Amino acid sequence: MSVALIILTYFAYVFIVVMYSVKLIKIARMPVHLRWELYPIASETESKYGSSYYGDVEQWKKNRRKTVLKGIFYLLKENFWFGEYFRRNRWYWLVLLPWHIGFILIIAFHILCFFGAIVIIAGVPVSAQSTFILGRTFYYLILLTGVISFISGAFGSIGLLIKRLIDKDLRAFATPQNYFNYLFTLAVFASGLYAWHFVDPTLSGYREFWKGLVTLSPVPIDSATATHIILFALFLIYLPFTRSLHYITKFFAYLWVRWDDKPNLKGSKIERNVKEWLNKPVSWSAEHIKADGKKSWVDLTTEKKSDEKEA
Amino acid sequence: MKKRLKLTDIAKGGDAPLTEINLDELTPLPPPYDKVEEQPEFKRLTEEQKERLVCNLDGVVSYAALPKPKNKEEEKKYVEQFVSGLKKLLSKENNWTFLQPLLLSLDYCARCQTCNEACPIYLASGKNELYRPTYRSEIFRRLVNKYARPGGKFKAKLNREDIELNWTTITRFYELSYRCNLCRRCAQICPLGVDNALIAREIRKLFSQELGWAPKELHEKGTVLQLEVGSPTGLRPNVAMDNLEFLDEEFSEALGIEIKTPWDKKGADVLLIHSAGDIISFPEGPISFSVLCNAAGINWTLSSEVGGYDGVNYGVFYDDFQLAKVATRHAQIAQELGVKKIVMGECGHQHKAFMTVADRILTGELNIPRESVMTFLEDIVFSGKIKFDPSKNNFPVTLHDPCNIVRNLGIVEPQRRILRYLCPQFREMTPHGIDNYCCGGGGGLSVMSDVNFTDWKAHVAGRLKLKQVIDAFADHPDPEVKKYLCAPCLNCKLQFRDIFDYYKVKERSGIIFGGLGELAVNAMVDIKKPLIKWEEE
């Protein structure tokens, strides 16, 4: 059983990392696209008013100093607070935030468990009674992140389930997978909560499991904690088949589309990329495009001017 | 109780409309337009029209030429074409232009419905479910997943996302893609960066680029005419020159100042590209810029090349190829003239199409600096070369922000600095700037007028804007107090013309509309007589 748990956990982590990476690389390697920005753009100095560099006379003569950091900070803040939802969709926010806080903290919990295991292997006991500050710090951090994650995530799962069921607008667009997701996450968080509350109030079993995971030496584990570990591993395997990646792809959607106001300068990388795609063959079928599968974008969009003026 | 519209309803019911417009369900208008019984009647289709036309969405027809299949084989052919278009939208070679933005919007929507409350059409319609930005997008998402991705049909069944693709679905979907102004308010508030307007435009692209379906005003009489003749208005080069020459003379006399518009001046600093629609319908606009450029001593020119005197680019609304052709044409003309920069006329979508969307298509020598008329005008007004007397504009003025200039280009303040300086009674409408409401003509809708489409534009799409305009002048409801709505965009003005005619806004509220250049000229000390006329002559 313990060996199977170790294999499952490793597999789950490798699987999600590989799947997410493949998906992200696929998105990142898509062709350069035409500009489709939307204001306000966070990096602009006057972004509060939605102003852009186009508000300056002959802006192309000026040096543009742009930093993406402002935008990244905004997006990170959004990932932890969901301010847009708070402003515009308060009831949804009330359940959405705890759900996501559940995810964030459960990830933090596992990272802490991993480092906690390293600390234990290094000879520092992790417990409330540890003589080492490091050991006590890890003990309380693991306990807090774990427990808050279980409570918050379970509350969010139930809340979202109810919200999507009773809100007619949300229900109309819901799919069985939406409901399955809420129930699945509820099972993950609730199993953790159960294991902590009824079986292992200090989460020592979890710490031992992680130590065994790192050292590849299986340890006996109670069935409640094992259930949670299995559910969480299955959840990791399931995640790539959901829209969960939006937590990361929103950075692309903002930084590479919505806030992408990079001009096409002569000799720039953008220009080189665009030229490459302009020479690709096109196969659209409408008559006016005159595509034959061989002619490229350039061939099809650079028409000779008619001599109407002289006529 | 009204039956809720389901996503799967799009495929059901054959020729019967999914919904209908009832005036008493629409968002109420402020006085004196608040009585439903006094509002203009919504033009209903006749039995003969219902028989002849495809009108299965909302009882409104934007494209009378939508074909009806004669038999099952023909229907199958159209369905196959649609599926083929879906696949091409997902292919790098055919849709590199928008593939990444499209997939980020298709695959990562959380279906939270937050965006609906931002849509002026959805709100104006009294929250008619058909007009939710998400209704269109979610159906498209499901069609893409089912018909253009591996294992799609099985997954669609498993996840109950199964939408049937038939003639009804396709034709309704075509019409539904033209119930969006592409104003992108919905995209602006999406926490995940999902853009429903982009999806609407991609759907239009599919129909245009694969099936050859597009509103005649945008395609046949739009970009095609522009590339062949010079302008969607049908205005040919020599006629455009004659018209402006005549206007130069007429306004020279009317304003008591000599006006001469230069044409085809090689090596000029500035190529100004107006919209030809302005020359025909709102000539005070182009004339204002002739007056201002000359008075400021600018070395500028217009072009009489085919397409060079009309800056509109309807391709931005529905077709990447037409967009690229028109933008390339404009750039080639500027290159041949050897100008230092191209200045957009007062036209929102021209700004967006030429300054940003087509930016990456214009490579090498075609990449000529392009500037907004807003900053160009601000530079002129504050250059000190022209004397202004703001008291000449001492009447209530409000500003309509064209979406393509504010939300899509980030040019917010230059036009306001001009108005604050030249118009003592300038006031903002609410909301404004990047949060503005579309005039209702955005996304190419302002030039579309097939069958009863104008009724829909005036009653639904432009409703919140009309409300905003009336509210902005709430302190002066008396029609005797003359008020000016500054709308620095041809398409917005065309939409306002429709709405104002429809509701008799000038007569009932004393509001007229015009551009920004007109206000600048009207305030010039050197002008003997006012440019802005409150009564038609």
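Visitor: Chain A first. Among contacts between residues at least 6 apart in sequence, what share joins residues at least 24 apart?
Guide: In chain A that share is 65%. Keep in mind that this is a predicted model.

Visitor: What is chain A built from, helices or strands?
Guide: Chain A has 12 helices and zero strands. Read along the sequence, its pattern is α-α-α-α-α-α-α-α-α-α-α-α.

Visitor: Why is chain A called more spread out than a compact globule?
Guide: Its radius of gyration is 26 Å. The globule rule gives 19 Å for 311 residues, and chain A is well over that, so it counts as more spread out than a compact globule.

Visitor: What box do its C-alpha atoms fill?
Guide: Roughly 95 × 45 × 45 Å, taken along the principal axes.

Visitor: And how much of chain A is buried?
Guide: Of its 311 residues, 35% count as buried.

Visitor: Switch to chain B. How many helices and strands does it have?
Guide: Chain B has 24 helices and eight strands. Its radius of gyration is 23 Å, close to the 24 Å from the globule rule for 537 residues, so chain B is as compact as a globular protein of that length.

Visitor: What about its box?
Guide: The C-alpha atoms of chain B fill roughly 75 × 55 × 45 Å along the principal axes.

Visitor: Which domains does chain B have?
Guide: The domain assignment gives domain 1 (7-211), domain 2 (221-378) and domain 3 (386-522).

Visitor: How many residues of domain 1 of chain B are in contact with domain 3?
Guide: 31 residues of domain 1 are in contact with 28 residues of domain 3. On the domain 1 side, helix H5 (residues 120-124) of chain B gives the largest share, four residues. That side divides into 23 nonpolar, six polar and two charged residues.

Visitor: What separates the centres of those two domains?
Guide: 29 Å, taken over C-alpha atoms of domain 1 and domain 3 of chain B.

Visitor: Now the two chains together. How many residues does each give to the contact?
Guide: Chain A gives 77 residues and chain B gives 81.

Visitor: Which element of chain A gives the largest share of its side?
Guide: H10(A), with nine residues. Other elements giving two or more residues include helix H7 (176-199) and helix H11 (269-278) of chain A.

Visitor: What kinds of residues make up that side?
Guide: The chain A side divides into 38 nonpolar, 17 polar and 22 charged residues.

Visitor: What does Cys486(B) touch?
Guide: Leaving out residues up to four places away in sequence, its contacts include Val397(B), His400(B), Leu419(B) and Leu519(B).

Visitor: Last one. What confidence does the model get?
Guide: The model scores ipTM 0.95 and pTM 0.95. Chain B has a mean pLDDT of 96, and 99% of its residues reach 70 or more.

Conventions: Residues numbered from 1 in each chain as written. Chains lettered and ligands numbered in written order. Predicted model: local features only at pLDDT ≥ 70, side-chain atom pairs only at ≥ 80, totals over all residues. Domains from an automatic or database assignment. Contact = placed C-beta atoms within 7 Å. Nonpolar A, V, L, I, M, F, W, Y, C, P; charged D, E, K, R; others polar. Rg over C-alpha atoms; globule rule 2.2 N^0.38 Å. Buried ≥ 20, exposed ≤ 12 C-beta atoms within 10 Å, placed from the backbone. pLDDT = per-residue confidence, 0-100.
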